[in-house]
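Me: I am new to this structure. Please walk me through it in short questions and answers.

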Amino acid sequence: AVFFRPDSSELCVCVSGGGSEVGKNRESFKGNTVRVVRKGKFVVAAYRPENSSSLIAVFLFIFFKFLSDRVVKAARSVYSVMIERNPGLIRDRKYHLKTYRQCCSGKELVDWLMKQNECLQSRSQAVGMWQVLVDEGIIVHVKHELNFHDKDTQFYRFQDSEFGLNHVTNEKELEDELQEALSLLSQLGPDALLTMILRKCPSQRSAEDLEVIYEELLHVKAAAHLSTSVRKELAAVLVFESHAKAGTVLFSQGDKGTSWYIIWKGSVNVITHGKGLVTTLHEGEDFGQLALLNDAPRAATIILREDNCHFLRVDKQDFIRILKDVEANTVRLQEHGKTVLVLEKSTDWAAQGGAGNNSKYTVMSGTPEKILEHLLETVKLDSNGNDAIAPCVTDFLLTHKVFMPSSHLCPALHHQYPLMAELSEGTDQEKASYILSTKQKVVKLIGQWVALYGLLLKEDPIALDSLEVRLQSPFNHSVYWNISILMYLWVLFLRNTHRYSTSSVIKSAYLDMFWRLCLFGAVLYEIYRPDNKPLTLMLPVNTSVQDVLSAIVKPGTDHILVKMNSTGGGTLYIERVFLFYVPRYFSFYLLMPLAEQQGPERGTTDILEQMCSKDIANELTNYDWELFTAMHEVELVYYIFGRHKFPGAITANLERFVRRFNEVQYWVVTELCLCEDLVKRAILLKKFIKIAAVLKDQKNLNSFFAVMFGLSNSAVHRLYKTWERIPSKTKRIYYAYERLMDPSRNHRAYRLAVAKLSPPYIPFMPLLLKGDRYLLESEYFINPLREIRMIAKTVNIVRACRTTSRLTLTQRWGDGSGNVRLQHWQGYRSKVKQLHVHAEVNG
C-alpha cells in the first residue's frame with residue numbers, strides 16, 4: 001500500500017498478516033485495488049486482489065512517516081523551551097461555540113518565534129519555519145489544513161506524544177539546543193514557505209506571495225530567458241502539481257496540449273514513437289510549450305523518472321493571454337522592412353502612470369547601433385550635466401565588446417555626434433539646443449565608459465585614439481566645455497599619467513585604479529630547461545608564448561614551450577604547473593616533474609597548532625581581498641564568453657582568484673591527511689571548523705566554502721575515528737555550515753544566505769561563474785542582449801561587493817577600536833600566501 005505525507009512525498013507499507021513492514025516487497029499489491037482512508041494519525045487500508053469480488057482483509061496501521069532526525073530534534077527543543085518559559089501558550093481555545101483542546105493560535109506561534117530569534121527579518125520567515133513542522137506532521141491544524149496561517153483564528157496542536165517531544169534537560173543545554181533548532185528551521189523555512197505559497201490557489205496569493213515566486217523564477221533555468229514582465233505574470237498564474245510514483249505518464253504523444261510544465265523537483269523521461277527514450281529533463285527545465293504555441297498535439301510522451309516529482313504548471317489559457325500581453329506591450333521599430341529595435345513596456349512604470357518618456361521601455365533586442373541610440377536618449381541631464389547614469393547604460397558599456405567592439409562603438413558614437421548642417425527642421429535656436437543636449441549625452445556616456453574601464457583603455461588603441469580626436473574640438477557652451485575639458489584631461493591622463501600627478505583627484509583615481517588593475521605590471525617567470533635547470537626573467541603578465549621564447553632562446557632556433565603538471569600529464573586543479581622550453585622534436589616522455597611539484601611529504605600541524613584560528617582566517621581574508629579587488633569587472637565578461645573571442649584580453653587576476661579557491665580547499669585536505677597522530681589530527685580538524693566560522697563571520701564566502709569543501713572531501717570525510725573525537729557542539733556548527741553547500745534549487749541555500757549580507761563581502765566566485773556559463777549553454781539564449789543582461793547582473797554583483805574604500809576586511813571587522821589582533825604578522829602572511837598542497841591530494 002502506498003500512503004502520502006502532506007507534502008506529497010511517498011510512504012510505502014507492505015501488508016502481511018496482521019502487521020506491517022515499511023519499504024519491503026513494494027510489488028506485493030501490484031495488480032490489486034487498494035483503498036486508503038485516513039483518520040487522524042491512523043490509516044485504514046483495504047485491498048481487493050484481481051479477479052476477486054470481495055475484500056480480503058482490512059487492517060489498521062499507525063501512519064508511519066520518514067522524518068528527518070534533525071527536524072524532530074529541533075521540534076523537541078522548541079517544544080521544551082515553550083513549555084518551560086511560556087506554559088500558558090498551549091491551552092484550550094474557544095472559537096465559534098466550539099472548544100479546541102490544548103492548542104495555540106498561528107499568530108501566537110509566530111509572535112513567540114520572533115521573540116526567540118531576533119535575526120528574523122519578517123513574519124513570513126517565521127511562518128516558513130512553522131510550515132516545516134506542519135509538513136512533517138509534528139504540528140497539525142485542528143481542521144487538518146496543510147498550510148500554516150499567521151492568524152488568531154487558526155489553531156495548531158503539537159503531536160507531543162507521537163514524536164516524544166517532552167524532553168527535560170538543563171537550562172544551558174536547552175538554550176544551545178534551541179539556537180541549533182532555530183538555525184536548522186531558518187534554513188529549511190524558505191523552501192517550505194515557497195512550497196506553501198505555490199500550493200495556494202493563484203487567486204488567493206498576496207502581493208508578498210507573488211514577489212517570493214518572482215524572486216525564485218529569476219533562478220529557474222526555464223524562466224531565465226524571460227523578461228521581467230513575463231516572469232511577474234507567471235508568478236500570478238503558476239499552479240503547483242505533484243505526482244508521487246515513478247512511471248506515471250504525465251501526458252502521451254498525440255494528446256491535446258493543455259499546459260506548459262516547469263520541473264520544480266525530480267526528473268522526467270521524454271519518449272517518442274519509433275525512437276524510444278529521446279532525452280531526460282531535470283530540475284529547472286521545461287516541456288510542453290511547443291504544443292501550445294503551435295496549437296498542435298503533443299509531440300512526445302512524458303513519464304516520471306523518479307518518485308515524488310513536483311511541477312509548476314501554466315494552463316493554456318493563461319499561457320496564450322501572457323503571449324498576447326507581451327505582444328501588446330511590445331514596440332518594434334523597422335527600417336527597410338527589417339526590425340532593428342524591439343522594446344517592451346515596463347509594467348512597473350505603467351502602474352505609476354508614467355508617460356511620454358522612452359525610459360519606460362526595456363530593450364529586448366535590436367541592432368547594436370539602434371540600441372546605442374536608444375540608450376543615449378535615456379541619458380538624463382540636469383542643469384549641471386551631473387545626473388546619474390542609468391544602470392542599463394553601465395551594463396551596455398561593461399559588456400559592449402561582446403556584441404559591439406570598440407572598432408564599431410567609436411564610429412557609432414561619432415555618428416550620434418550631430419552637426420548643425422545635418423538638421424533640416426526647426427529654428428536655429430531649437431537646432432542649437434538639440435545639438436547641445438545630444439553632445440552632452442554623448443560626452444556623458446563616454447565619461448562613464450572611461451570611468452568604468454580606467455587604465456584598461458590604454459590597451460585599446462582604437463578607443464584611445466578615437467576619444468582624443470573627438471574631444472580636441474572646440475565648444476562654445478560653458479557647460480559642455482567643462483564636461484569636455486574633464487574628458488580631455490582623462491584621455492591625456494591615460495596617455496601620460498605623470499603629467500597630472502599634482503592633481504589630488506586624478507592622483508587618487510590613478511592610485512585606486514592601479515590598485516585594482518595591477519595586472520599590467522611585470523611578473524617573474526621561472527622556465528626550466530630539459531635538464532631541470534631553471535631560468536628566471538621578468539616579463540609583462542600578458543606576454544605571448546612567442547615573446548617568452550624570444551627572450552630565452554637564440555633567433556632562428558626551433559623551440560616550443562611545454563607545460564608539465566605534477567603527475568607528468570593530465571589536468572591539474574591546483575597551481576603546480578611548471579614550464580619547460582625544449583626543441584620542437586624533443587621526446588616529451590623524458591621530462592619528469594620537479595621534486596617541488598610533488599608537494600610536501602610532511603604536514604605543518606606543529607606550526608598550525610601555535611597559530612590562532614582567528615589570525616589565520618584574518619590573513620586568508622586579507623589576501624583574498626587583495627586578489628578580489630585586483631580583478632576588473634570586465635575580466636568576468638572575457639572569462640564567461642571565452643577569452644579567445646577578445647584578442648588581447650587578459651583575465652589573469654580572475655583566474656588567479658579562482659585558483660585560490662582550489663589552493664585553500666586542497667590545503668585543508670593536505671594538512672589533515674599528512675597528520676599521522678590521531679589526537680593532533682582531531683585538534684587540527686576542530687581548528688579548521690573554527691577557521692570556517694571566522695571566515696563566515698568576516699563575509700569571506702570564497703575561502704569559507706573552500707575550507708568547507710576541503711572538510712567534505714572524501715579523503716577527510718572517511719576519517720571516522722578523527723570525527724568521533726570532535727565535540728558535539730563543533731559538529732553541530734559544521735553540520736549547519738554543510739547545509740549551505742546544498743546544490744538543490746540552483747544553490748538556494750547559498751542564495752538566501754548571501755541575500756542577508758551587506759557589502760563589503762567576498763562572494764563564492766566559482767559558483768557565480770558556473771551560474772553564468774550554465775545560462776549561456778541554455779538553448780534559450782539565442783538573443784545576445786538577454787545573455788548580456790544576465791552577465792551584467794553578475795558583474796553588478798561583483799561591483800556591489802566592492803562598494804567600499806580600500807580597507808582590508810579584517811580592519812572592518814576588528815575589535816571596534818580599529819585594532820586587529822595579528823601576532824607574528826609576517827609568519828601568518830607567509831603561511832596563507834604559500835599554502836602546502838600535495839600534488840595527489842584530490843585522489
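Reply: Helices (H or I, at least four residues) and strands (E, at least two) are DSSP runs, numbered from the N terminus. This is a predicted model, where local features need pLDDT of at least 70, side-chain atom pairs count only at pLDDT 80 or more, and totals for chains, interfaces and linings use all residues. Residues are numbered from 1 along each chain as its sequence is written, and side-chain values use heavy atoms, with hydrogens and water left out.

Me: How many helices and strands are there in the protein chain?

Reply: Both kinds of element occur in the protein chain. The count is 32 helices and 25 strands.

Me: What percentage of the residues of the protein chain count as buried?

Reply: Buried means under 20% relative accessible area, exposed over 50%, partly exposed in between (1.4 Å probe, protein chains only). The protein chain has 843 residues. The buried share of them is 47%.

Me: Among contacts between residues at least 6 apart in sequence, what percentage join residues at least 24 apart?

Reply: Contact means heavy atoms within 4.5 Å. Take the contacts in the protein chain between residues at least 6 apart in sequence. Those joining residues at least 24 apart make up 65%.

Me: Which helix gives the most to the lining of the largest cavity?

Reply: On a 1 Å grid over the protein atoms alone, a cavity is a set of points where a 1.4 Å probe fits but cannot get out; lining residues have an atom within 4 Å of a point. Helix H5 (171–199) and helix H6 (207–217) each supply at least two lining residues. With 3 residues, the top contributor is H6.

Me: Which residues line the largest cavity?

Reply: By class, the lining has 7 nonpolar, no polar and 1 charged residues. Here Ala, Val, Leu, Ile, Met, Phe, Trp, Tyr, Cys and Pro count as nonpolar, Asp, Glu, Lys and Arg as charged, and the others, Gly among them, as polar. The lining is made of Leu 194, Leu 198, Ile 213, Glu 216, Leu 217, Val 220, Trp 264 and Leu 312.

Me: Is Glu 216 buried or exposed?

Reply: Glu 216 sits in helix H6. Leaving aside residues up to four places away in sequence, Glu 216 touches Leu 194, Trp 264, Arg 745, Arg 748 and Arg 751. Its relative accessibility is 7%, so Glu 216 counts as buried.

Me: How many aromatic pairs does the structure hold?

Reply: Rings of Phe, Tyr and Trp (its six-membered ring) pair if their centres lie within 6.5 Å; planes under 30 degrees apart count as stacked, over 60 as edge-to-face and the rest as tilted. By that rule, the number of aromatic pairs is 27.

Me: What kind of pair do Phe 251 and Tyr 261 form?

Reply: Phe 251 is in strand E12 (residues 249–251) and Tyr 261 in strand E13 (residues 259–265), 10 residues apart. Both Phe 251 and Tyr 261 are buried. Their ring centres are 6.1 Å apart and their planes at 35°, so the pair is tilted.

Me: And what kind of pair do Trp 260 and Phe 319 form?

Reply: This pair links strand E13, with Trp 260, to helix H9 (residues 316–328), with Phe 319, 59 residues apart. Trp 260 and Phe 319 are both buried. The ring centres are 5.8 Å apart and the planes at 65°, so the pair is edge-to-face.

Me: What separates the C-alpha atoms of Tyr 528 and Leu 561?

Reply: Tyr 528 lies in strand E22 (residues 522–528). Tyr 528 is buried, at a relative accessible area of 4%. Leu 561 is 33 residues apart from Tyr 528 along the chain, and their C-alpha atoms are separated by 9.8 Å.

Technical notes
On a 1 Å grid over the protein atoms alone, a cavity is a set of points where a 1.4 Å probe fits but cannot get out, and a pocket is an open set with protein on both sides within 12 Å along at least five of seven lines; lining residues have an atom within 4 Å of a point.
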